[in-house]
Amino acid sequence: MTLDAADLLARTRDLLAAHPPGATAPADFLRARFDAGLAWVHYPQGLGGLGAPRTLQAVVDGELEAAGAPDNDPRRIGIGLGMAAPTILAYGTEEQKHRFLRPLWLGEEVWCQLFSEPGAGSDLAALGTRAVLDEEAGEWVVDGQKVWTSSAHTARWAILIARTDPTVPKHRGITYFLCDMHAPGVEVRPLRQITGEAEFNEVFLTGVRIPDAHRLGAVGEGWAVARTTLMNERVSIGGMRLPREGGMIAPVAAAWRERPGLRTHALHQRLLGLWVEAEVARLTGERLRQQLAAGQPGPEGSGMKLTFARLNQEISGLEVELLGEEGLVYEDWTMRRPETVDFTGRDAGYRYLRAKGNSIEGGTSEILLNIVAERVLGLPAEPRDDKDTPWKDLAR
Amino acid sequence: MTALPPRPGHPAPRAPIDLLYSGTEDELRAAVRSLLADCCEPAAVLARAETGRPHDPQLWHTLAAGIGAAGLLVPEKLGGAGAGHREAAVVLEELGRAVAPVPYLTGSVLATEILLACACDGPEAADLVRELAVGRLVCVPALPLTLAPGAPLPAPLHDAGGGVLSGTVTSVADAVAADVLLVLADTGLHAVPADRAVLHPVVPLDLTRPLATVTLEAAAGTRLADPATARAAVAGALLSGAGLLASEQLGLAEWCLTETVAYLRGRHQFNRPVGSFQALKHRLAQLWLDVASARAAARAAADALATAAPDAPLTVAVAQAHCSGVAVRAAEECVQLHGGIGMTWEHPAHLYLKRAKADSLALGTAGHHRGLVADFAELPAP
């Protein structure tokens, strides 16, 4: 039997009746919600879900939000929710799913992602972190360096890809692991970036031992597993829902209205152009959501991240200029390690600099344009010679 | 990301906005596309355009009466299909995709909207709408194609008394195909049989939408509405026209993208398919993004018009500010990426480029519509 919206609404109301948010500790409420299958309704029973259609999650979320129920701080645990969980669900053993999904969703265990390396960014499959099996101990021994790791300093677990066979071409010979961030040999160093903050980390892995039970998917099949993770990352980056004049355009429009002294004709034309583009991007995202809800997923999702990256950069650039002398001032270069990225609570200069990452993180715009061109438009791939060459023979 | 709360006087988006295509709309699209595939292929469009009489009366008859496209905006009680702007938008997408030389935007959208708004003033307008809805006659507004919503209306023609009109209107689209012209005079809106007007066709940039200077020399017409009703009717029609033109621009851009992608997949240079070069792939991927966003903007405008949403003027201005640029860019990329072939007369790319560029002036330029956005969104000029 497939559950419908009415069933989920009834179950949500039962949960609220049994655990009134006002009289229940947030953690207790979240545990009850997970156990009632209302965490991810499309997940199986016993793993936070009910096997219901994914689109009906909105029914549950809307009802809980209206009732003032606590959430699990999704921004803080976004990597776990958006990347680790769907991958573990797709590829994990029953034991792994039961061990990891509940604390992940509750926010008791924060996750980070150990994919990118200094020598393997957009060419992620070229990664060089090695994992060698110690057959006697039934453990893998991992050595290498990862970079651009959000939340590594707060994370309890990491999803990790490492090379387990350097003699085969680069997309083969990769294996996917669940790595304990508290294991000996894991060292996390802040990576200070263009904004002055260290929102990301470098992670050095030296003789880190990972039990074979924490391998996700088959040995050498890690690239297929990683693709599941990356697809979910892009969906979550491009999928935010905005009201009209939401997002980066909001503070610029507000400054324009409130401070007539800043206005010039040239800035006006740019502002209007970007206001229109932001509204069109909002409508495009809305249309994509309507397609998904109607069960007709379109390829537009691949494009939303590209659009928002470009818009955020242009809008924040305009904002710095609009502010005139104030645009010359930066709020604070002190090195900090924020838990989440805050785009709207900060100054224009910060937004301008941070937005530079939007076209790099989660797949550079150049790579995403290739994906659109090849998978959506069906254009041929560029000739390449790395697909059949053993990884150890590639130029690095 | 957090959002600003709605501002006073700042139009809030409507709650249910439907940006998809319904099953009925898909069926309508299939019917129109199939007709155009049979009767309106590019070589035939070009051949007719070269005769100076681009309109194909047989095609128009099948589209207007056979498929019932002419009466989509007309209520059933006036003999129409009682559909709406969403359906008319789908027809326009297909007409844009075929650069079809038919008086649909001028007759079935602009003239129809004007007459519907005047139909309560007297039976004459209602009678005309009935004829128009079933494709028995073609009626177009005697207004410049560049006239934009929100812009001042041109000086009305002079009525010497009793509906005897004199004056000149330039850049009237599809006048050469019209049986009746709708004329804005100082005494209101008049219907003038086209054979009582003197038409001077001009050589149009867009070969598929002919233009003429219309001169009335004491031509007798029938008064349909008083000046205030007439002006309001024209203003409303210009809003609808601009909103639905976005769908024509979308269809045109889709054709350009599809054709260009197909060409680059098959064309080989340097011993590779041209479409495998990253520089070209990125351009096409960006164009695809533009077309996908134009689709959302055009659908939003059609839906806003169909539901008479309070923010329809803003949604239409956004759609026009965006879609006219996308159509021109798509057509320009189509010409460039076809290489030398794109510069030839025999390849249809030029028909699309000319339509796209002319469309970017029709019913207000993108710059004009951005100015309207400034008003609606309260982002005033310095």
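## Basis

Residues are numbered from 1 along each chain as its sequence is written, and chains are lettered from A in the order in which they are written. In this predicted model local features need pLDDT of at least 70, side-chain atom pairs count only at pLDDT 80 or more, and totals for chains, interfaces and linings use all residues, while side-chain values use heavy atoms, without hydrogens and water.

## Second largest pocket

The second largest pocket holds about 420 Å³ of space. A pocket here is an open set of points on a 1 Å grid over the protein atoms alone, where a 1.4 Å probe fits, with protein on both sides within 12 Å along at least five of seven lines; lining residues have an atom within 4 Å of a point. The volume is the space filled by probe spheres set on the points.

Its lining has 24 residues, and E277(A), D290(B), H322(B), V326(B) and R329(B) lie nearest the centre. Two or more lining residues come from each of helix 8 (265-293) and helix 9 (301-322) of chain A, and from helix 8 (278-306), helix 9 (312-337) and helix 11 (366-376) of chain B. Helices are DSSP runs of H or I with at least four residues, strands are E runs of at least two, and both are numbered from the N terminus. By class the lining comprises 10 nonpolar, eight polar and six charged residues; Asp, Glu, Lys and Arg count as charged, Ala, Val, Leu, Ile, Met, Phe, Trp, Tyr, Cys and Pro as nonpolar, and the others as polar.

## Helix 1 of chain A

In helix 1 (residues 5-18) of chain A, L8(A), T12(A), L15(A) and L16(A) are buried (under 20% relative accessible area, with exposed meaning over 50%, for a 1.4 Å probe and protein chains only). These buried residues fall within an arc of 95° seen down the axis, so they line one face of the helix. The arc is that of the directions from the helix axis to the C-beta atoms.

The buried residues pack against helix 2 (26-35) and helix 3 (57-66) of chain A, with contact meaning heavy atoms within 4.5 Å. On the face turned away from the buried side are the exposed residues A6(A), D14(A), A17(A) and A18(A).

## Loop residues

D174(B), in the loop between strand 3 (164-173) and strand 4 (180-185) of chain B, has a positive phi near 65° and is buried at 0% relative accessibility. N271(B) has a positive phi near 60° and is exposed, with a relative accessible area of 75%.

S151(A) is buried at 10% relative accessibility. Leaving aside neighbours within four places in sequence, S151(A) has contacts including R76(A), W111(A) and E199(A).
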